[in-house]
Amino acid sequence: MAVPAAVAKRAAGLRRKLEDANHRYYVLDDPAIPDAEYDALLRELEALEAEHQALASADSPTQRVGARPLQEFGEVRHALPMLSLGNAFSEQEVRDFVARIVAGTGDGDPVFSVEPKLDGLAISLRYERGQFVRGATRGDGASGEDVTANLRTIKAIPLRLRGEQLPAELEVRGEVYMPRAAFEKFNARAREHGEKPLANPRNGAAGSLRQLDPRITAKRPLAFFAYGLGAVEGWKLPPRHSQMLAGLREFGFPVAPEAGAANGADGLLEYYRAIGGRRDALPYDIDGVVYKLDRFDQQNAMGFVSRAPRWALAHKFPAQEQSTTVEAIDVQVGRTGAITPVARLAPVNVAGVVVTNATLHNADQIERLDVRVGDTVIVRRAGDVIPEVVRVVDDKRPARTVRFAMPATCPICGSRVAREEGEVVSRCTGGLFCPAQRAQALIHFASRRAMDIEGLGDRIVEDLVDLGLVRTVADLYRLDVADFVAMRRRADERDGTVPETVKAGKVASKWAENLVAAIDRSRNTTLERLLFALGIRDIGESSAKTLAKYFGALDPLVAADESALLEVPDVGPIVAGRIAGFFREPHNREVIAALRATGVHWPEGPPQRSAEGPLAGKTVVLTGALSELGRDEAGAQLAALGAKVAGSVSKKTSFVVAGEAAGSKLDKARQLGIEIWDEARLLEFLRSNLAP
Ligand code: 9MJ
C-alpha cells in the first residue's frame, strides 16, 4: 500500500529529529530536547509506522525498543579478525614496548594515541552504505555472536551514519559498557524490588548484550565508545589513528573524551598516572589505558604477533575486585535510624586502597548473597561508592557456618528494629532516644524553622552528644553557662586545641550566656513548631501545622489512633501509622513529658476541624511532577490553606495543578473546562498566602 507523501515526509522528519536528539545526547553530551518531548516524538513515529506498514525500516529509531526474542544467536565471521591486546602491568614493560617501537620503526620519538581502556564488552558494528546491518561480539576474535537486535536498542550506536559521503562498507569496533551511575541506579532499583543486582558494570554490559530477548536489553542502560576499525570499503582513511577516531566521531560515533596523544615512555606513563588519578571520578569503569602507535604506516611496519598487534599495548590498573575473608558481620545505625549490615573484612588492598569494611546494603541483599562469618568473599570498590561485597566464593566456605540474621533490636539503644511493608531498609524505632540518631535529631530540633535556638550549631550539638552532656532534646533545657564552658574545655582537650582565652587564664563565657538565653527563649513556642521539631518521619512544617490546628492541643494528638489520624486533611495511612507509632513509643512520651517539666510551653486551644483559609471549600487535584515542592509537600500546603486535596478530577474539582509531564488528569480537566494552574502560579499563590 502506498504511503501518502505527507505521512512519509513526517516520518522521515521524526526519524531525523530523534536520531539528532540521540546524537546530541550520547555523542556530543549536549542534550537538545527534554525526555518528555523525545518520548512524544517517538510515540508519534510508532503510531505512523503502525498505521502504514510500508514505512517500516530497520534503521528507524522505533526499532531500538526491542524486537522479538531469539532462539539462539547466529554466528558471525568477522571480515577482519578482532584483535586482542598485549598487557603490561609495570612501568618497565611500557618502556620495553616503546623501545621495541623505536627499534621497529626507526622513529626516535613516535607519537601514540592514548585511550582509556573501557571495561565492557568488545563488539564490531557493520554498516553498508551508511546503514547499520549487523553487530557481533568479539567471540574468539575470528567469529562472534550476532547480537544485532540487542545493539539496535543502544541509543549511543547510530543506526545510520551521519554525513554526505558514506562508505560502501564500514566496520567499527568499540566497547559496549554500562555507565557507573546507571549501574548504581539499576542495582538500587533491583534491590528495592528484591531482584538480583548486577555484580559489576562489566557483567551488566555483557549480560545485557547476551539476552536473547532484546526487550530486556532495551531496558538496560548501555552505552558505547568506538576505538577502532575492521573492514572498510569506500572511505579514504586518514594517515593517523587519532584522525580516524575524529572521522568516526563525524560519522556519529561516540569516542571517549579522554582519548589523546602522547609520546615517549614518560609521556605514556604520565597519561597512565593522570587517568589513574581520575579513575574514580570517571563516569565509567576502566581497567587501564591503551597505547596505540598513531601513524598507520608505522602500525603496518610493526605488524602482529599471533592476533595481538605489536603496535598497541594495554597498560592495566590494579584490579577493583579482590577476595578476602569475613571476620564479622555488624550492623550500623545511621543518623536517620537506618540499619545497615556491614562485613568486617581481613584487610585487603583493592585498587590502591586498604578495605576493611564492606556494605551488605540490607536484609534482602544478605539473604541473596548468604554471606556468613568465615566466608571468602569478593569485594569491589569503584568510584566514590562504599566498597561492597559482590559474592561469596562458595567452595571456600568453612564447615559449620551460620546464616546471618538481622537483629530484632537496635545494637545502640535496644529499641525495636522495624521494617515497613514495601521497604527494604530496616530502621531503629528509638528516634530521639537512640544515641546514633541523637545528634541528628537535636540539630533538627534546634533549627530555625523548628525550635529556633540561635547559635546551637552542628558542631556544638555533636560535642554535647559526644561528651555525654545531652541525651534527649529535653536535656538541652537543663544546661547552664558552666556546662557549655566545661564542654568547650573538654572538647578542646579531646581535640588537642588550646583556646587563647584559656592560655590567658580567663574563660570566655559570653557565647555560652548567649546560647543559654537562646535556649531559654525557645521554651516559649507553638504546638506546630514543637510537632515539627520532634522529627517524626514525614511530618514537615505543613503537616505539623495541619495537625496542630486539627487537634488544638498535644494530648489528644498523642492519644489519637490511626483511624482518628486518617480523618485529618491530607494524612494518609502511611503518615497516620508514623504519627501513631511515634507517640506509642514510650521513650518519645518520656521526652515530651520531660520537655514540659523543663518549662517548654505552647498555647493550646480548641480543635479547628472545619476547614478555613483562602481555599476553604475548594477541592484541588495535583498531577504531574512539581519540581520545586514535590506533590506531597504541595498538597500539605494547600491543605493548610483549607483546600481538600483529591486524587481524581471530577466536576467538583475547583482547580488542577499540573506539573511537568502531566497526563490523563490534565486531559480530563481540560475536557471538563476546569481551571488549570501551573507550578509557577501555585508557588506564587502559596508564597502570598502562607505565613513565612
Ligand atoms: C578499550 N577496551 O577501551 C582497544 N579498548 O584496540 C581501546 N580496546 C583495542 N582500544 C585494539 N580503547 C583492540 C582492542
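Let's start with a word we'll need: a residue is called buried when its relative accessible area is under 20%. Keep in mind that the structure you're looking at is a predicted model.

Now find Thr546. You'll spot it in helix H18, which runs over residues 541–551. Is Thr546 buried or exposed? Its relative accessibility is 10%, so Thr546 counts as buried. And who are its contacts? Leaving out residues up to four places away in sequence, Thr546 touches Val568, Pro569, Ala636 and Ala640.

Next, move over to the ligand. The space it takes is the second largest pocket. Around the ligand you'll find Leu83, Leu85, Glu115, Pro116, Lys117, Leu118, Glu175, Tyr227, Val290 and Lys292. Two strands, S3 (111–118) and S10 (286–293), each supply at least two residues of this shell. Which strand gives the most? That's S3, with four residues.

Glu115 has a polar side-chain atom 2.8 Å from a nitrogen atom of the ligand. With Leu118, it's the backbone that takes part: one of its polar backbone atoms is 2.8 Å from an oxygen atom of the ligand. Then there's Glu175, where an N or O atom in the side chain lies 3.4 Å from a nitrogen atom of the ligand. How much of the ligand does the protein bury? Taken alone, the ligand exposes 340 Å², and the protein buries 90% of that.

Key:
Residues are numbered from 1 along each chain as its sequence is written. This is a predicted model: local features need pLDDT of at least 70, side-chain atom pairs count only at pLDDT 80 or more; totals for chains, interfaces and linings use all residues. Side-chain values use heavy atoms; hydrogens and water are left out. Buried means under 20% relative accessible area, exposed over 50%, partly exposed in between (1.4 Å probe, protein chains only). Contact means heavy atoms within 4.5 Å. A residue is near a molecule or strand if one of its heavy atoms lies within 4 Å of it. A polar contact is a pair of N or O atoms within 3.5 Å; within protein, one must be able to donate a hydrogen and the other to accept it, and residues adjacent in sequence count only if both atoms are side-chain atoms. Accessible areas come from the Shrake-Rupley method with a 1.4 Å probe; for residues, only the protein chains shown count as cover. On a 1 Å grid over the protein atoms alone, a cavity is a set of points where a 1.4 Å probe fits but cannot get out, and a pocket is an open set with protein on both sides within 12 Å along at least five of seven lines; lining residues have an atom within 4 Å of a point. A molecule sits in a cavity or pocket if more than half of its atoms lie within 2 Å of its grid points.
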